[in-house]
Amino acid sequence: MKNTIIAPSVLAADFANLQRDIEMINSSEADWFHIDIMDGVFVPNISFGMPVLEAITKHAKKTIDVHLMIVDPDRYIKTFKNLGADILTVHYEACTHLHRTLQAIKAEGMKAGVALNPHTNVSLLEDVIQDIDMVCIMSVNPGFGGQSYIENTYKKVAQLKELIVKNNAATLIEIDGGVTNKNAAELVRAGADALVAGNYVFKAEDPIATIADLKKITSL
Ligand code: DX5
Ligand code: ZN
């Protein structure tokens with residue numbers, strides 16, 4: 001049975017009750033904390049930065065999955081390691097020397113992830129797939145939570161899965177944006193290993209039950 005990783009996105013938490021929301025995730029069946037860092041340059045929005053991440057990691061008891069939506073991420077690799085990141089994901093579109101960036105992340109002892117915007121073809125990763133621990137396929141345009149899922153994502157997941165198998169790589173596939181109970185099972189059938197969910201979890205009447213349900217419907 002497939003054990004799909006569920007990664008609630010803290011971007012959709014109540015920042016005035018951050019500790020409460022972190023403890024809620026701690027006590028749920030969720031596997032990771034997904035942390036969105038936006039710089040207002042790579043994406044048209046600014047989320048939160050280092051002091052907030054420090055506050056989160058002080059209470060979080062699960063894997064910290066950091067998604068950098070920033071230009072020139074190489075400048076902050078060490079910083080995010082020190083802040084407690086376990087997985088550090090950079091955007092393909094923000095890295096001129098992606099291979100070097102991936103090695104630098106791994107040299108700090110973190111797992112290295114690469115995120116792809118909806119317009120970026122998965123075949124562009126062919127020459128580095130062996131070096132990537134996780135590919136994050138954006139199923140919305142990055143920058144905001146609460147957007148609708150882009151249907152073309154299913155096709156991209158299947159193509160990426162094929163690329164991974166063909167190259168004998170151990171890369172995980174993560175999906176980020178607009179994930180709900182309507183698309184979760186199909187994404188896993190297409191090859192997804194980890195699902196990020198922001199609004200669907202945090203704005204639910206019962207987030208703990210919503211996480212348990214996502215976990216259940218993706219155990220195929
Ligand atoms: C979008 C972020 C996502 C976002 C997902 O730029 O990378 O992680 O928080 O939120 P939902 O699940 O609400 O689309
Ligand atoms: Zn994200």
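Select the zinc ion (ligand 2): H34 (NE2), D36 (OD), H67 (ND1) and D176 (OD) coordinate it at 2.0 to 2.3 Å. Donors here are N, O and S atoms within 2.8 Å of the metal (3.2 Å for Na, K and Ca), and sites may look incomplete because water is not among the atoms. This is a predicted model, in which local features need pLDDT of at least 70, side-chain atom pairs count only at pLDDT 80 or more, and totals for chains, interfaces and linings use all residues. Residues are numbered from 1 along each chain as its sequence is written, chains are lettered from A and ligands numbered from 1 in the order written, and side-chain values use heavy atoms, without hydrogens and water.

Along the chain, the zinc donors are spaced H-x1-D-x30-H-x108-D. Next select D36 in strand β2 (residues 32–38) and H67 in strand β3 (residues 63–69), a pair 31 residues apart that links distant parts of the chain. Strands are DSSP runs of E, at least two residues; helices are runs of H or I, at least four. D36 is buried at a relative accessible area of 5%, and H67 is buried at 1%. Buried means under 20% relative accessible area, exposed over 50%, and partly exposed in between (1.4 Å probe, protein chains only).

Now turn to the aromatic rings. The whole structure holds two aromatic pairs. Select F15 and F48: their ring centres are 5.7 Å apart and their planes at 65 degrees, so this pair is edge-to-face. Rings of Phe, Tyr and Trp (its six-membered ring) pair if their centres lie within 6.5 Å; planes under 30 degrees apart count as stacked, over 60 as edge-to-face and the rest as tilted. F15 is partly exposed at 41%, whereas F48 is buried at 9%.

Finally, select Y149 and Y154, a tilted pair with 5.2 Å between centres and 55 degrees between planes. Both Y149 and Y154 are buried.
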